[in-house]
Amino acid sequence: MTTQPILRVDHLKAHFRSSYFGVYREVPAVDDISFDVAPNEIFGLAGESSSGKTTLMKTIAGLITPPLELIGGKAQFSFMPPETNLYGADPAQLARIRWSKLSYIMQGSMNVLNPLRQIRSIFRDFAAVHIGGSNSDFETKTVNHLSRLRLDPSVLDAYPHELSGGMRQRVTIALATICRPDFIIADEPTTALDVIVQKEVLGMIRSIQREMGSSVLFVTHDMGVHAALTDKLGIMYAGCLVEAGRTADIFNAPQHPYTRHLIHSLPRIGDTVQRTGLTGTPPNLANPPSGCRFHPRCPLASDICRTERPMMRQIATEHRVACHAVAGDDA
Amino acid sequence: MPAYFNFAIKRLWQFVLVVFIGINIAYVITHVTPIDPVEQSISAVTSFGNTSPEAIADMRRSLQELYGLKGDWIEQYISFWRRILQADFGPSLSAFPAPVTSLIARALPWTFGLLAFTTLVSWSVGNLLGALAGYYRNNRSLKFFGVLAMALHPVPYYIVALSLMIVFGFIWPVLPITGGSAMDVQQGWNWQFVASVFHHSVLPALSLIMIGIGSWFLGMRSLVSNIITEDYVVYAEIGGVAQSRMMGSYIIRNALAPQVTGLAMSLGGIFNGAVITEKIFGYPGLGTLLVDGVYAGDYGLVLGVTSIAIIGVSLSVLVIDLIYPLIDPRVQVAS
């Protein structure tokens, strides 16, 4: 791959820092994470709840508000000037790229539409400034775009509460894609939907992404969704990226012990073996384990895992893993 | 629309019922007072000298008729309602023989002018500043205003009013402290009178706004600080929706519904008069009229003012209910 990545996340660190009544707490929710997203690629992020997926998203998107603080590293989009994070970027610069280059489909998409505003006005609020043209031009464009997501033009006259959950989700996807952005951040966009609607919505994200050639950073804990949708996959555990690579490689040959457990816990048609869960619980990030954060639950843990934090190493083409126990530990 | 029409009819019927019950309660309360207006009038007349017993009996009969006290209680009650429907509350006792309706008509413009103005001003300024303070939480002058509102809000109203009076009436005597207008000015539509009314209303209006603005400000600020954490506001923010649009259509619009209801309630409350304000500043409005009526045992007057207040409050609640679907499209009329 020689193409320039559209997003390069480089040793990104963001911690929650709070100090109440002299008690100082520091939660390393995003700890030294690096990965690239290439153009026209869907990059998935997986991990259990509280593994820092959403915090990573927010940090990349520049939505850093106290107590979350950016400690170091950067998340560089190719459409931004070099060496600038979205966080702390010039507001005029941000206003230019938001929605035209970078858009979002948020977690809990049910509530992202202003309940007191008609869908038509919401589209206008978000997109009119980037698309330009007369009102009727904009209207035509909106209607065309909606029809691509199999939405009737009549939804433009509706208020959000008049639409069903699935329709609202399609409207948000339409809203996020109407400006044909280069990059879409999708944070659990299908989690609240039933599987039928989920399948439909995923298909739409896929087809519209293919058509526009955008990149998508797609976060969900649902491994089935990752298998069906993403090109690349990153596995997060306790604020760290433990494995990243092509989705097919990770599903076929998971390397990290955590990933292996994750993949093996998935039900397979025809397989009647009892699934075993991992023992223990995810660590409290306010007080993470020393060394590798997975070592208290890891069947392969050795002494070095307790003291030294494993770094991400390339083990195959586009397949990186952070584990001392994985073969090829000669660096 | 038939669903809405049915709802409006039902709501209108409720309004009539509420007003009917309210006026009945006011009727009962004013009629169980131990003061007999007829005997009071007679004793007022007879205290000046000898009056023949026949004349007194005649007077009693005609007074009873005037006050609607003729016959047994059912007849009295029916004639009361007959007169109410003609907007006739009988003569005032304390300002005999002026009819209650003309007393109210004289006092109402004063109260309405003062309170409608102060309510609207404190509502709009308080809400606007509250919304800004909730959104721009780090703005220094808004923070300062928040502290000021918080400090002023719990101070009892009369303390504020009396302090203003002392400051602007005695220490730095630039404003009149009593009355609705200067005594020596002819009342009417002339420049001198209007200026005098304006001049006299500064202190009462200022005191009402100072107290009123705080609750709207604090209410709106906390509404807005909740709303800015709502997903749709965060989403619009990262979507780069223009600031003015954000403020107007996303934040204030969503916070406004409870505040509009509150405004309707306080506008309805105008017809109660502002008893303390009007007493302190000697303002010739409904509040003064009501208190004077109570002191004098003038139940016709009390009943008149109370009925106006009942109708005012119910009417404004009716109006707000009828226009609520416009304010919040999620409010649907059950079909």
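**Figure 1. Overall build of chain B in the predicted model.** Chain B exposes about 17,700 Å², and carbon and sulfur atoms supply 70% of that area. The model shown here and in the views that follow is a predicted one. Chain B holds 13 helices and zero strands, and its C-alpha atoms fill a box of roughly 90 × 60 × 35 Å when taken along the principal axes. Of its 335 residues, 43% count as buried. Among the contacts in chain B with a separation of 6 or more, 73% are accounted for by residues 24 or more positions apart.

Figure 2. The patch covers about 1,000 Å², and the residues that make it include B:Tyr158, B:Leu162, B:Ile166, B:Phe170, B:Trp172 and B:Val275. Two helices of chain B, α7 (157-171) and α11 (275-280), each supply at least two residues of the patch, and α7(B) gives the most, with seven residues. B:Ile171 is another member of the patch and is found in helix α7 of chain B; because its relative accessibility is 64%, where exposed means over 50%, this residue counts as exposed. As a general background to this view, nonpolar side chains in soluble globular proteins tend to be buried together.

**Figure 3. The nonpolar cores.** The largest nonpolar core has 92 residues, of which A:Phe35 and A:Ile60 touch the most other members. Helix α6 (residues 195-212) of chain A provides the largest share of this core, namely seven residues. When neighbours within four places in sequence are left aside, the residues in contact with A:Phe35 include A:Leu7, A:Val9, A:Phe43, A:Leu56, A:Ile60, A:Leu217 and A:Leu241, together with the arginines A:Arg8 and A:Arg320. A second, separate core consists of 22 residues, among them B:Leu164, B:Met165, B:Phe193 and B:Phe271.

**Figure 4. Helix α1 of chain A and the residue that follows.** Helix α1 (residues 53-61) of chain A is mostly covered, with seven of its nine residues buried. After α1(A) comes A:Gly62, whose phi is positive, near 80 degrees.

**Figure 5. The interface of chain B and chain A.** At this interface, 19 residues of chain B are in contact with 24 residues of chain A. The area buried between the two chains is about 2,000 Å², of which carbon and sulfur atoms give 63%. The rule finds one salt bridge across the interface, and the side chains of B:Arg245 and A:Asp125 meet in a salt bridge with an N to O distance of 3.1 Å.

**Figure 6. Two residues of chain A with positive phi.** A:Arg150 is not a glycine, yet has a positive phi of about 50 degrees, and its place is in the loop between α4 (135-148) and α5 (165-177) of chain A. With a relative accessible area of 56%, A:Arg150 is exposed. A:Glu318, likewise not a glycine, also has a positive phi of about 50 degrees, and lies in the loop between β10 (313-316) and β11 (319-321) of chain A. A:Glu318 has a relative accessible area of 25% and is therefore partly exposed.

Conventions. Residues numbered from 1 in each chain as written. Chains lettered and ligands numbered in written order. Heavy atoms only, no water. Patch = residues over 30% accessible without salt bridge, like charges linked within 9 Å, V, L, I, M, F, W, Y side chains within 5 Å. Areas by Shrake-Rupley, 256 points an atom, 1.4 Å probe, with all protein chains shown as cover. Salt bridge = Lys/Arg side-chain N within 4 Å of Asp/Glu carboxyl O. Helix = DSSP H or I, 4+ residues; strand = E, 2+ residues; numbered from the N terminus. Buried < 20%, exposed > 50% of the residue type's maximum accessible area, 1.4 Å probe, protein only. Core = buried A, V, L, I, M, F, W, Y, C linked by side-chain atoms within 4.5 Å. Contact = heavy atoms within 4.5 Å. Buried area = accessible area lost by both parts, 1.4 Å probe.
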